[in-house]
Amino acid sequence: MKYPDVIDEVRRIMWPKPLKLFTAGPVACFPEVLEVMSLQMLSHRSDEYRALHKDTVLRLADFLEAKESTVLLIPASGTGFMEASIRNAVTPGGKVLVTIIGAFGKRYREVVESNGRVPIVLEKPPGEPVLPEELDEALKKNPDVEAVTITYNETSTGVLNPLPELAKVVKEHDKLLFVDAVSAMGAADIKVDEWGIDLVFASSQKAFGVPPGLAMAAVSPAVFEKAEKIPGRGWYFDLLKIKKYLDSQWSTPSTPPIPQIAGLNAVLRIIEKMGGKEAWLRMYAERAEKIRRGVRDLGLELFAREGYYSPTITVVKAPEGVRGVDVYKAMRNRGFEIAKGYGPVKEYTFRIGHMGYITDEDIEELFINLREVIEELKGGK
Ligand code: PMP
């Protein structure tokens with residue numbers, strides 16, 4: 001290496017001090033992922049790249065139980081597919097039932113509006129999920145919507161929506177179903193074909209523990225069929241064009257984030273070596289349970305409605321008289337990057353992310369420090 005100093009120079013900007021990440025994403029990555037990502041680049045039109053893309057797509061399709069649907073990997077963050085779902089599969093001026101249980105459901109509404117479609121909103125108070133009977137009622141009242149959007153895991157409130165039950169309702173009404181699984185995919189189960197999901201998307205920097213820059217989705221034949229009839233799909237997020245490149249050459253229309261795809265490939269192999277999807281999801285469920293137990297042991301309350309707890313992020317009510325952001329700051333001073341409260345509940349909550357490369361010892365240390373921080377803040381120190 002001719003200029004080894006630059007490594008330290010950049011490191012000093014990014015990492016002036018060590019921090020353990022309990023973030024909402026980007027999250028800490030497996031060492032294997034980081035190492036694979038530092039391999040030299042290759043052309044995305046080479047046979048070697050195509051082999052990597054194909055292997056990653058097939059492994060992810062397997063993980064998502066998506067045989068009928070097509071797995072797409074594109075250079076974008078998850079929001080790219082949010083936009084793509086609307087532009088490709090809803091008629092301009094057409095209606096979409098947008099379910100909102102927090103900040104990211106609100107983003108979906110904005111995406112619908114800003115693309116000239118009409119959102120019909122079913123909104124629940126923060127901390128609550130959407131219930132199947134509520135969705136059924138909303139669809140009975142609005143039979144002319146073309147699609148329904150659901151946030152599987154609402155990162156701002158720590159609520160996991162009951163997706164299998166909600167999907168059933170959407171299918172009974174014969175509507176397209178778009179699922180924002182940005183902070184769910186990789187930690188909460190997804191069975192694309194069985195549940196009848198038409199488009200489910202996520203971002204690399206969440207539960208798979210890969211750096212940001214890659215968006216993944218599984219897209220049903222119904223979406224591609226509908227897209228044929230939708231004008232103005234644009235270029236970058238044209239799902240038919242993206243599928244054409246996948247089908248003809250196992251690649252993408254524009255340059256893919258090759259390191260992230262290699263990183264995702266490595267994680268999918270780690271999952272296989274851990275014993276497969278079930279073992280991996282169990283690891284996430286147990287980690288989430290451990291974190292919730294830790295919070296309760298401190299005498300603190302969870303924000304989400306019981307029974308709908310997120311497997312990827314725990315939102316905690318700060319104790320009376322303590323601001324969520326002060327807990328965040330004090331923990332950061334002690335070397336732990338948790339997440340601030342988000343959206344309408346940001347003042348009085350803080351969040352503990354469970355995603356990515358986290359060890360049991362990290363969790364133990366987190367709670368030792370959190371206990372001291374809470375006591376200090378309650379004491380007004
Ligand atoms: N939806 C949810 C539920 C999210 O948590 C996030 C990111 N925090 C997004 C959408 C946006 O994802 P991205 O920044 O990768 O586009």
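Hi everyone. Let me open with a helix pair: α6 and α7 cross in a right-handed sense. Before I go on, please keep in mind that this is a predicted model.

So, how do these two helices sit against each other? Helix α6 covers residues 132-141 and helix α7 covers residues 163-172; their axes come within 9 Å, with a crossing angle of roughly 20 degrees. Because angles under 35 degrees count as roughly parallel, α6 is roughly parallel to α7. On the α6 side, the contact is made by Pro132, Leu135, Asp136 and Leu139, and these meet Glu165, Leu166, Val169 and Val170 of α7. Sorted by type, the residues of this contact come out as 6 nonpolar, 2 charged and no polar.

One is Thr155, found in the loop that links β6 (153-154) to β7 (159-160). Is Thr155 buried or exposed? Its relative accessibility is 6%, and buried means under 20%, so Thr155 counts as buried. What does Thr155 touch, if we skip neighbours within four places in sequence? The contacts are Ala24, Phe104, Ser183, Lys206, Ile313 and Arg351.

The other residue is Pro119, which belongs to strand β4, residues 118-123. Pro119 is buried too, since its relative accessible area is 17%. Leaving out residues up to four places away in sequence, Pro119 touches Val96, Val98, Arg109, Val112 and Glu113. And if you want a sense of scale, Pro119 and Lys2 are separated by 117 residues in sequence and by 55 Å in space, going C-alpha to C-alpha.

Last stop, helix α13, residues 324-333. Which of its residues are buried? They are Gly324, Val327, Tyr328, Ala330 and Met331. Just past the end of α13, have a look at the backbone of Gly335, where phi is positive, at about 95 degrees.

Terms used: Residues numbered from 1 in each chain as written. Predicted model: local features only at pLDDT ≥ 70, side-chain atom pairs only at ≥ 80, totals over all residues. Heavy atoms only, no water. Axes fitted to C-alpha atoms, helices over the stretch in contact; angles between N-to-C directions. Helix = DSSP H or I, 4+ residues; strand = E, 2+ residues; numbered from the N terminus. Parallel < 35°, antiparallel > 145°, perpendicular 65-115°, else oblique. Left-handed = near helix turned anticlockwise from the far one by under 90°. Contact = heavy atoms within 4.5 Å. Nonpolar A, V, L, I, M, F, W, Y, C, P; charged D, E, K, R; others polar. Buried < 20%, exposed > 50% of the residue type's maximum accessible area, 1.4 Å probe, protein only.
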